[in-house]
Structures are given as C-alpha cells and as structure tokens.
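Good morning, and thank you for the time. I would like to take the group through one protein chain, beginning with the overall architecture and then turning to a few individual residues.

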Amino acid sequence: MSESRRYFNNILPDYKNEGVIVSNDEWRNKVLNVVQMIRENQPYEDNSTSLYIGTGGIAYMFYFLSQLPLYSEEKNEFLDHALKYIDASLKNIKGLRMDNTGFLTRHSGVYAVAAVIYNAVGDTQNADKYLSRYIEVTADYKQHQGSGADEFFVGRAGYLSGALWLDRQLGEGAYPQSVMKDMCDSMVLSGREYAYRHNSPCPLMYVYGEREYLGAAHGLSGILQMILSVPESLHRDPKIEHDVRASVDYVLSLQTPAGNFPPMAGDSQRRGAADPDDLVQWCHGAAGIVYLMAKAYLQWRDEKYLQSCFKCGEIIWNNGLLKKGPGLCHGVSGNGYVMLLLFRLTRDRKFLHRAQEMARFMFTRKFDKEARVPDNPFSLFEGWAGAACFLADLTRASEAAFPFFDIF
C-alpha cells in the first residue's frame, strides 16, 4: 500500500458470525482514562470557544457522559466540568463582534449547549436565557446569503441540527416547529435558485467556497439530511418532497463501485480528479453521506438506500482507519460511528463487532506512533473528546448517535 494513503491498512479481525461481547468495564475504563487526559491537558480558559475545536465541544462531551447511567457515580463531577467549560466559552464570546451564524464553529452552537447544561444543573434562568439567544439567532440565519448559507458548519443545516437537538434534550417544542419548517423552506428555495442559475443536474444544489460539495460538513448531503429531519416540511408541499428525493437520488447516482462518494459534484467525471475512494471521512465521503441514505431509507423505505448504506459500511471498514487521528470529523471515531449507525439500522452484530475493533485500534501502539496528532487534540470534532463520546456509545449501541446528527 502507498504511504500516501490517508488510512491504515485494515488487518483487524472481521466478524465470524458469532456472538459479540460488549464489556461495559472495558469501555468505561477507556472513557475515564480519556477524560482524565483531557482534564490534565485542556484548561477551562481557552481562546477556542466553538463546539468544533474549542471548549464548547468539551463541555458537550462532559454533558453527554453525565447523562449516561454507566457514569452515574461521576455525574455531578462531569456536570461541574461541563459548566466550567461552557462558562469559559460564554465568557470568551461575550462582546465579540462576530457573525452568530455557525453552529459548529461560532456562537450559536455554544448557546445551544449552554442552555442544555444549565437546564441539567437546575439553573432554569440561565437555561431560558441561552435558549432565547439561540432562538434569536434565527434572524441571522434567515438573512444569511451566498456561499455556505445552507451548509452544516456555518449555515442553516447546522443551525437546524441544533434546534432538533434542543428539542430532544429539553422536550419537544423547546424550539418552535414553525421556525424549523420556515428554515427548511429557505434551504429548499436557496438550493433551487442556485441549481437553476448554474444549470445543475440536481434539483437542489449549494455552494461553499465556490465549490459544490457533496459531503456532510459543507455539502449537499448534510443539507438534505436536515430537511428530511423535519418531515412536516415535505408533507405540506409535494413539490418539495419531489425535489428533495430527486436530489437524494442524484447523490446516490454518484456512489462509486467501491461504495464511496466524490467530495464534489462533477468530481467523478472530471479528468485528473483525486481518487474518489481515498477520502472516507465524515466531512467528505461515505462516512457522512451514509446518514443521508439511512434517513432516506427511514423516510421512504426504498431498499436502494439501504443497499447504499451497506456499500458505505464496506468501504469504511476497509479504508476507514484514518491516519488523521481519533476525532469525529476526519478520524477513526467518526468512521466507527457509522458501524453503530448500521447496527441501529439493522441489528446486525457484525457492525457492533466492527465498531469495537475500530475503537480498540485507537489504543494500539501502531496508531499511537503513526497517526497524526490533530491541531486540537482534545477537541470534540478533531480529537479525543469526540472519541470519548464514541467509546461511551459502544455500551449503548441501540441508542448511539453521532453528535448533533441523530437520524432516528
């Protein structure tokens, strides 16, 4: 194998059609060790406030762990850490003149996580305060135009994912359903207008940084998934459902024989384009687009979407031990989460086996010596905070979900 490949050669033992043992003690101990490493190396005070690479994301990790029965003994301690990390994030963004739009990378995501953490510790005044701030940001997203206005990191799709998450954590109706529908309408209109102006073969198309990305982070699949997550937006207008489904089918048509997807529209046809089976990570490729196909299957029960998920699972197993580190966005944990997704979708224990093998790989000498250390090694989306969430979810596989990306 070429050393330029982005992934380790997978020589892990595959499933042998036998029982799969999930040891709560094994994964609990690994999670607690990771948490200790983060606490020893990541101070509360940090200039990076976002959910993606900053203290806001670490606050999310502590909150997430605090809600799991397996960590009931640590619950109060974890909530205390969550509160201190989110307070540091809020302090750092206070008074900053920055565009609020950006769920994973700017203010709004921090407000959402703050509302949930304050609610968990019984501080309803601050919980209501930051929920209100999150809702107020809706106006900024409605006005957001141009490149990236609809994608997951800085656009409407990410903001909508936060609204859906708030409803799950605080109770249905925490975020106004009517506003979610309006947000979906805006995303559909934006996609139609761009597709029309640029003669796209897809009814809905979007641009980020002058590129028509397909992946979950910046592209078409993440946007479509969020629209599908508000089914009322489809039911009230058959033309919307038609365009959304035709767009999902357009993405599906680009899946390679090996199971991956090119990073951008047109890449599969463009001469000199990079190997479409090399980028296998959540932000670009099968490890993110699989969530769209799974959501489409749950929405329409068409087997072609489920078969696409299985193809994604195979290439992620083969090419998904990424050299970029342990994180969610472009690391092993993000790809391991796909195995938990497929387990939830099918209850096939093969995928639970594969998830555990990928998790154990992160603790091997080979990974320790040869994987790249991320720029933000303890963060939620690049580093070990995201890995801790994945490791904890191994013990609750029937409920496991990639952070802010639950399709069920």
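I shall describe the whole chain before I come to single positions.

First, the basis of what I report. This is a predicted model, in which local features need pLDDT of at least 70 and side-chain atom pairs count only at pLDDT 80 or more, while totals for chains, interfaces and linings use all residues. Residues are numbered from 1 along each chain as its sequence is written, and side-chain values use heavy atoms, with hydrogens and water left out.

The protein chain has 17 helices and 0 strands; helices (H or I, at least four residues) and strands (E, at least two) are DSSP runs, numbered from the N terminus. Its radius of gyration is 20 Å, close to the 22 Å that the globule rule gives for 408 residues, so the chain is as compact as a globular protein of that length. That radius is taken over C-alpha atoms, and the rule is 2.2 Å times the number of residues to the power 0.38. Along the principal axes, the C-alpha atoms fill a box of roughly 55 × 50 × 35 Å.

How many of the 408 residues count as buried? The share is 59%, where buried means under 20% relative accessible area, exposed over 50%, and partly exposed in between (1.4 Å probe, protein chains only). Contact means heavy atoms within 4.5 Å. Among contacts between residues at least 6 apart in sequence, 69% join residues at least 24 apart.

I turn now to two buried loop residues. Thr256 sits in the loop between α11 (238-253) and α12 (286-300), and it counts as buried because its relative accessibility is 9%. Which side chain does Thr256 meet in a polar contact? The partner is Asp277, at 2.7 Å; a polar contact is a pair of N or O atoms within 3.5 Å, and within protein one must be able to donate a hydrogen and the other to accept it, with residues adjacent in sequence counting only if both atoms are side-chain atoms. Beyond its neighbours within four places in sequence, Thr256 is in contact with Pro276, Asp277 and Lys311.

Ser379 belongs to the loop between α16 (365-370) and α17 (384-393). With a relative accessible area of 1%, Ser379 is buried. A polar atom of its side chain lies 2.8 Å from the backbone oxygen of Asn376. Not counting residues up to four places away in sequence, Ser379 touches Tyr52, Ile53, Ile58, Trp384, Ala385 and Gly386.

Next come two arginines with positive phi. Arg301, in the loop between α12 and α13 (303-319), has phi near 55 degrees, a positive value in a residue other than glycine. Arg301 is exposed, at 54% relative accessible area. Arg347 lies in the loop between α14 (332-346) and α15 (349-361), and its phi is near 60 degrees, again positive in a residue other than glycine. Is Arg347 exposed, partly exposed or buried? At 46% relative accessibility, Arg347 counts as partly exposed.

Finally, a helical position. Leu32 lies in helix α1 (residues 24-41) and is partly exposed, with a relative accessible area of 22%. Leaving out residues up to four places away in sequence, Leu32 touches Tyr71, Glu74 and Phe78. Of these, Glu74 is 42 residues from Leu32 along the chain, and their C-alpha atoms are separated by 9.6 Å.
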